[in-house]
Amino acid sequence: MNALAVPPRNGELGFWVAGLAGKKPSFPRFTGQDSVDVAVVGGGYTGLWAAYFAKKLEPSLSVAVFEAEQVGYGASGRNGGWLSAMPPGNRATFARVGGGLEASRALQQEFVAGVDAVLDILRAEGIDADQHKGGALVAAHTQAGLGRLVTRRDADLKYGLTEDESQLLDRDEFRSRINISTVHGGLFYKHCARLHPAKLVYGLADTLTSMGVSIYESSRVDSVEGKTLTLADGRVSAARTFICTEGYSGQLLGRRTLIPVNSSMIVTRPLSEEAWQQIGWDGPQCLNDSAHTFIYAQRTADGRIAMGGRGVPYRFGSGTGGAGATAPSTIDLISHKLSSFFPGIPFEVDHAWSGVLGVTRDWNGGVHWDPASGIGSSTGYAGHGVTSAYVGGRTLVELAFEKETERTTLPWVGYRARKWEPEPIRWLGVHAMYRLFGIADRWEERRNSSKTSLLAKFGSRLAGLHE
């Protein structure tokens, strides 16, 4: 492999946003004073969906979105492009604290329905985000990893997925779909679609404009106190306010409520037809693996592979990383992983970037609405944000306008994790967890282990990831 013979573009908000530089919609900065029915803080998926459903509920409402940078600046413009049915958190935890097994099953089913619901809305609104529902494959590179997938599938069935929706594949069945030479088997999830993250952001923003929603960029909300939003050059009075800032929520929700965990991506230059034939990845399936330091990937509409992984997981003091410049060591790490999947393919990395996702102390997301203050939030998606933002944004609107639906009683509504530890304890804890996962992966691969490392089990329980 000679992936870095020519240094790739780095940062610049990532490949998805940089590639649409000439097509990005532009919105003014907010100045002065205004009064609105609904104020949305954050111009990513959650905020845009919340604005969409508010206007759908009552077209006469005045709705305004306030974005600190530009629409899609955060995870919404930089993610892996997975519209998946996995809820944001531990289904066992939601069952334990939120109404039992049936409540957790209802949460799972809402996310299954959410995949097709988003695709239906995109068709109805004429939004082209390169969307295609082809499912997702999860590869096991060791016997230990395959054992984890068997356990995961048992949990999938327990929490309401059918055998058709979560399929266990043997080695040959997996390689007939994507030819990974080291695979021992895997899972196939039916309900997952690939899409272009930035095209989805811009398509939603254009749709909102046509619906009469006001969108403001470079308009950071410094504080929300009761019905008043304070910005650098203005003030807004709002009957209802939705805080939809995910990994950037520290200033408004508290730095220990959730933290920004870093995830990095690379995208290759377009592959030749010969390379695709050798790989055997001839459909729009998304791909990840059962490693503790897992990857996630998609075959893009223009014939590239976009792959993500953790790299440096967390910046001291909850730093968010700006435009996403990525360390060469992280680019090397993900590039090596890609080459290990498909040896002999001459990949060239075209662009690398990083972004942050919002993570609570136990990795479980939550939707919150306080009728007394008129303030709500939906956050903590922990890497499952594309569908979570749709469900969360829609649920926020329904809660705020007192509409009882199948979503307003789900167990993540009102769920709150305990706060993160103060620095430097949380920096040490997050880095220690990922160090344990990395050691566990190397141990299992070198020894061809049939059982999950005790180090990984300890790390999973420490983080609340064990289901």
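**Exercise 1.** Where does S318 lie, and is S318 buried or exposed?

*Solution.* Begin with the loop between β17 (305-309) and α11 (328-341), which is the place of S318; helices (H or I, at least four residues) and strands (E, at least two) are DSSP runs, numbered from the N terminus. The model is predicted, so that local features need pLDDT of at least 70, side-chain atom pairs count only at pLDDT 80 or more, and totals for chains, interfaces and linings use all residues. Residues are numbered from 1 along each chain as its sequence is written, and side-chain values use heavy atoms, with hydrogens and water left out. Next, take the backbone: phi of S318 is near 65°, a positive value in a residue other than glycine. Finally, with a relative accessible area of 8%, S318 is buried (buried is under 20% relative accessible area, exposed over 50%, partly exposed in between, with a 1.4 Å probe and protein chains only).

**Exercise 2.** Work out how E12 is placed and how it is classed by accessibility.

*Solution.* First, E12 belongs to the loop between β1 (9-10) and α1 (15-18). Its phi, near 60°, is likewise positive in a residue other than glycine. Then, because its relative accessibility is 40%, E12 counts as partly exposed.

**Exercise 3.** Which peptide bond is cis, and where does P424 lie?

*Solution.* The bond from E423 to P424 is cis, its omega being near 0°. As for its place, P424 sits in the loop between α12 (385-400) and α13 (425-447).
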